[in-house]
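This report describes selected features of one protein model, from strand pairing to helix faces. Please consult the sequence and the structure shown here while reading.

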Amino acid sequence: MAKTVCVNGRKRPARAGQDAAGRQAARKRRRVDGGGRGPEEKPSRLTAALFGEDCEISHEQLYELLKYAALGKCHKAAQPSWCHIYHQSHLAGVVVIVLHEMSQLHFYKFYLQFKHLRKVFQHRFTLTPSANFLASLYGEGATPKAPNTAQGLAPTSSSCIPNSSALQCDPIIQKYGEKKRGLTSYTLTLEEQKKNFYPIKGSPGCKGYVHTECDQQRTDSSPLFGLDCEMCLTAKGNEVTRVSLVDAQGRCLLNELVKPESTVVNYRTRFSGITKKMLLPVKTRLSDIQTRLKKLLPHDAVLVGHSLNSDLQALEMIHPSVIDTSLLFARNEGRRFKLKFLAKAVLGKEIQCEQKLGHDPAEDARAALELAQFFIEQGPAKVAELNLEMLLTTEKQAEVSRNKVASQPQGCRVQKQPNEPPRPPKPCFLDCLQVTGQKPLLLGRQELNPSGLWQSNLSTSNKQILQRALKDVPLSTFSIIQFSLGPEYITSHLLAALGEKVRSKLTDMLTIYAGPFEETFCLKSVKKEFGRCGPIQSLTLVTETHQPYVCIQYEVLEAAQLAVESLNGAEVAGSCIKVQRPVSAATLDCDALIKELELDVENEGVIYVAGLKPSVTEMDLQEEFSQLKDLETLFLPKDLQSGKHRNCCFLKFQKSQSAVDAQEVINGWTAKGSKLRTRNALASGHLWRWIWQMNHSSKKQGAPILHAQMEQLSDLEQDLKKKVKKLDHHIKKLYRSLQNNTLCVVLFPGVNSMLGSQAGLGLMGIKDDAGRSAC
């Protein structure tokens, strides 16, 4: 009786003398030589219910997909719960392209530049951002645990110290070298201050700022002073409510409450520790603090703080010589360590404890000062040996484990025995691949070294990564390729400015002006007519013009476009009106953008239907539209605050022609007593929730975007567009080189920054004979 073995997830007779490695080599040769599936083999297909509310995917779900695609049922990998891969065993390979530190925001800000991505991949989903994206992508066991540590997180075992080659890749060594230096080597240059939005004398945004008049030449023996402020949100923005200054010995020279000039909107008590009651008796104003600081600081003083630019901006003061510990302890790609983590990892001190109400600015100022003193006294090499990145990863993993245990019911928690050995981590699927004879390919600026630790090589360009990928990807069954825009484009402040630009443009695209109307027109009838095009967020009467106009802001792009197309030149409320979008620099390419959105491969076979009654249910609509040919999915959006259905829905059809036919049938159709209107979809699926959140973000008061930040983004924007266009071209070149029947996943991982987080975006498909992703 012939023995059977698993090959690509299927049982076949084993050929004499052919072992697992030999079979694997044979498969590789077929791929390299251009051989693919035989005529009897069916192509692999990917189906996913990524429409409407089912389009937000977690890292666990993504891992689930990649594991099954790479290993299949043969190695007990389960079919993904959120999508289905047909004929997984016929896949030629799996390629994951990661666009490092980029988010959904980047894709839609530079939508016209991502020409290849939006014309190839029909499956898209929102991806939840992760603090350690690559580790979550590779699965449990991909990141080694740190050795035991003594004081705080500071390592005591020599096994934790990176080897000399890894040390050279450390961003601290790359920035400062290995030799000890004096404190003047670590003060920010004028260019660094400009880049990180420090108040600078003569800058347009610093008019009226007070100079500390500390103009004396700095030496390595100049005195250090730690500074920290707590802010509350007022009608003006962030205003100082408490200031602390400590000297080089840690003595507190100033620790005072400050009365803001404007009305307080949010005391931010959880972080600032400030309450309304505390500020009631306070008489001290910002000008008093400015005067006292000028008197306390000697002429050669060096100020130390963590993200000190925010404190100086709030104090409205200019100081020429600063050490910023968030930049001193350098990281890759513009990221920064938090002060709380650095204090624990480097100094072994617990600050900003949860038991306390808010941060203590004197404690924070002292911690920043001691961190700078440690760096200067020990030197960059000693700091690099602490291996802070690995310690941070370990701390986060421990926190996740604690949260999992805490979330379990008390009776269900498993008590660990005192002498019980630690459980080994579950092997990640990359380990499983290697066991089966498949060697995964990992290319990019961040790679795993032989010891399993992450190391970065900032000198590697996207072009070099592409050249290696074109050469090596055909030889691998599983590849992860990382591209990056570069660290200068991903600072928290620039991302916040980018988000504000996108939000502002989106608001303009969702807004229309209608008029002119007669003086005695009925606003209610105007609202009713325009409400038939889709859900309205706000409606405002414009009286600055000779005759009245109405400004209408919709909640979906399709509604605004439908209003422009169907009501421009129509008679509404007794007047023949004009309907148009606001004209600004941001909306000049609006028509081109609308056209490209309509042609987007994701919107093929999807139509938008407006004019539904608020009382209509999903069951009513399914019954109403059941006669439409090839109807696949129906999505009835809900308001994310109230949970109520909106007066519109999206219909997805199996064929594009069926969607066209359905539009002709539905236009003017009366459903449950309501006249319907329809058009091609512009932003269905994963975009519904994202647009709603962006559209409502203006109501949330957050950290103000400074004029300098918007100005810097404008300077970089043309360069950014070129880089994004080139990046899209690199992906196009790599995609074209892939063998047919290859699963390709492109990931914008999302961003977690001190100014908030941005959701990620995933695009995926299996390449078919036409060079497009098959569905």
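## A four-stranded sheet

Four strands form an open sheet in the order S21-S22-S20-S25, and their pairing is antiparallel. Strands are DSSP runs of E with at least two residues, helices are runs of H or I with at least four, and both are numbered from the N terminus. Two strands count as paired if DSSP finds at least two bridges between them. The edges of the sheet are strand S21 (536–542) and strand S25 (578–580), each of which pairs on one side only. From one strand to the next, the twist averages 20°; axes are lines fitted to C-alpha atoms, for helices over the stretch in contact, with angles from 0 to 180 degrees between N-to-C directions.

S21 and strand S22 (residues 549–554) run antiparallel and are joined by six bridges. Leucine 541 stands opposite valine 550 in S22.

## Basis of the model

The model is predicted: local features need pLDDT of at least 70 and side-chain atom pairs count only at pLDDT 80 or more, whereas totals for chains, interfaces and linings use all residues. Residues are numbered from 1 along each chain as its sequence is written, and side-chain values use heavy atoms, with hydrogens and water left out.

## Aromatic pairs and charges over rings

Across the whole structure, a search finds 18 aromatic pairs. Rings of Phe, Tyr and Trp (its six-membered ring) pair if their centres lie within 6.5 Å; planes under 30 degrees apart are stacked, over 60 edge-to-face, and the rest tilted. Tyrosine 108 and tryptophan 690 form a tilted pair, 5.5 Å centre to centre with 35° between the planes. This pair links distant parts of the chain, since tyrosine 108 is in helix H3 (residues 104–109) and tryptophan 690 is in helix H26 (residues 687–696), 582 residues apart. Both tyrosine 108 and tryptophan 690 are buried, where buried means under 20% relative accessible area, exposed over 50% and partly exposed in between (1.4 Å probe, protein chains only). Tyrosine 108 and tryptophan 690 also belong to one aromatic cluster with Phe107, Tyr111, Phe114 and Phe748.

The charged end of arginine 45 lies over the ring of tyrosine 86, 4.4 Å from its centre, and that of arginine 331 lies over the ring of phenylalanine 337, 4.3 Å from its centre. The criterion is NZ of Lys or CZ of Arg within 6 Å of the ring centre and within 35 degrees of the ring normal.

## Cysteines

The count of disulfides is zero, a disulfide being a pair of cysteine sulfur atoms within 2.5 Å. The sulfur of cysteine 649 is too far for a bond, because the closest cysteine sulfur, in cysteine 648, is 7.2 Å away. Cysteine 648 counts as buried, at 0% relative accessibility, and cysteine 649 likewise counts as buried at 0%.

## Two helices with a buried face

In helix H23 (residues 590–599), the residues Cys590, Leu593, Ile594, Glu596 and Leu597 are buried. They lie on the same side of H23, because they cover an arc of only 165° around the axis; the arc is that of the directions from the helix axis to the C-beta atoms. The face turned away from the buried side of H23 carries the exposed residues Asp591, Lys595 and Leu599.

Helix H19 (residues 462–472) has Asn462, Ile465, Leu466 and Ala469 as its buried residues. Seen down the axis of H19, these fall within an arc of 100° and therefore line one face of the helix. Exposed Lys463 and Lys471 are carried on the face of H19 turned away from its buried side.
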